[in-house]
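Open the model in your viewer and keep the selection panel at hand. Each stop below says what to pick and what to look for there.

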Amino acid sequence: MVCLAVGGLSLAVAGPVPAVSGLVVAIFLGILWRNLAPYPKFLDPGTAFAAKRVLRLGIVLLGLQIPVGVVLGLGPWVLTAIVTSVGLTFWATMVVGRWLRMTLNQRLLMASGFSICGAAAIAGTDSVTESDEEDVASAIAMVVVFGTGMIALMPALAALLGLTAQQSGLWIGLSTHEVAQVVAAGGAVGGGALVIAVTVKLARVLMLAPVLAGISWSQRRRQQNHTQGPKTTEGGRRPPLVPLFVVGFIACVALGSLGWVPETVGRAMEYIQALLLSTAMFALGLSVHVPSLIRVGGRPAVLGAASTLIILTIGGAAALLPQALGGSSAQ
């Protein structure tokens, strides 16, 4: 109930400012409370419930906002760029993380967050990997820090390079971490860039389903290789081949795309989804304990900078290459 109340408060605070996300407000409120005020331990069970169960339901309802028809209408070049940016950034982040001698779960959290959709992807990955609280906290902190920097960086780069609104929107949507950060950066560019940026970003969010299913399958195979029975070494069952909330996410994408959800219901579901994710983000913010992050060291920051540079380069190439080849960067 505490997380739900603060999640609702975060949406109310962010509501009058379109460029500010209630999710980001909720994360910051959680971080401030955890580090500047007493935190009663009896909240732990409810906080854990909000960070896991409530989050999964929020991700399921997020699928209603992703119309497949609009995504497919982006055209083959943009769709290829989306898959390439997500896939290459995920792979490169895993490689760089291995060079930095980070654990597998640390690398998976950072790779999904920076390649797909920020804190929501990190939390979704945590739900199929059962990562340490400190690893989740550091990954979220990095995606918030670097994503916030992109809000100022992307419009500046677009102006410096003289990009069109279509090119700018494509680059922003392909490279910026959080949906709210995409809205802020696209709105700053103007001239139609916002619509393109948000559509491309939602197409990246759609990649959450296959990526989480792939991580779950990989975890299952890894545990099969290390155990003889149907249980893990910790006594828990292996992760499902495809997590139930991923199936729910895909089902909601289908429902929204087929137009089977009435407009009034869709608007209500959009608010409920935002409330659920804000509730979960506050719970995750409570896990960001600064002294614990200091103990983790600077490797997450190095990996976050590398991942941001990688996806920024891929997105820029996708936006600029069609013009260099005499084509159009976006439809």
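Contact here means heavy atoms within 4.5 Å. This is a predicted model, in which local features need pLDDT of at least 70 and side-chain atom pairs count only at pLDDT 80 or more, while totals for chains, interfaces and linings use all residues. Residues are numbered from 1 along each chain as its sequence is written, and side-chain values use heavy atoms, with hydrogens and water left out.

**Stop 1: Thr 125**

Select Thr 125. It sits in helix α7 (residues 119–129); helices are DSSP runs of H or I with at least four residues, strands are E runs of at least two, and numbering starts from the N terminus. Is Thr 125 buried or exposed? Thr 125 is buried, at 0% relative accessible area. The classes are buried under 20%, exposed over 50% and partly exposed in between, with a 1.4 Å probe and protein chains only.

Now show what surrounds it. Setting aside residues up to four places away in sequence, Thr 125 touches Leu 108, Leu 109, Ser 112, Leu 212 and Ile 215. With Ser 112, the side chain of Thr 125 makes a polar contact of 2.7 Å. That term covers N or O atom pairs within 3.5 Å; within protein, one must be able to donate a hydrogen and the other to accept it, and residues adjacent in sequence count only if both atoms are side-chain atoms.

**Stop 2: the core**

Select Ile 82, Ile 140, Val 200 and Met 281. These have the most contacts inside the largest nonpolar core, a set of 88 residues. Such a core joins buried Ala, Val, Leu, Ile, Met, Phe, Trp, Tyr and Cys residues through side-chain atoms within 4.5 Å. Helix α8 (residues 133–161) gives the most to this core, 12 residues.

Zoom in on Ile 140. Beyond its neighbours within four places in sequence, it contacts Ile 27, Ala 119, Ile 122 and Leu 284.

**Stop 3: the salt bridge**

How many salt bridges does a search of the whole structure find? It finds 1. Select Arg 267 and Glu 263: their closest N and O atoms are 2.9 Å apart. The criterion is a side-chain nitrogen of Lys or Arg within 4 Å of a carboxyl oxygen of Asp or Glu. The two lie 4 residues apart in helix α14 (residues 263–285), so about one helical turn separates them. Arg 267 is partly exposed at 49% relative accessibility, and Glu 263 is exposed at 62%.

**Last stop: the whole protein**

Zoom out. The protein has 16 helices and 0 strands. Buried residues make up 52% of its 331 residues. Its C-alpha atoms fill a box of roughly 60 × 45 × 45 Å along the principal axes.
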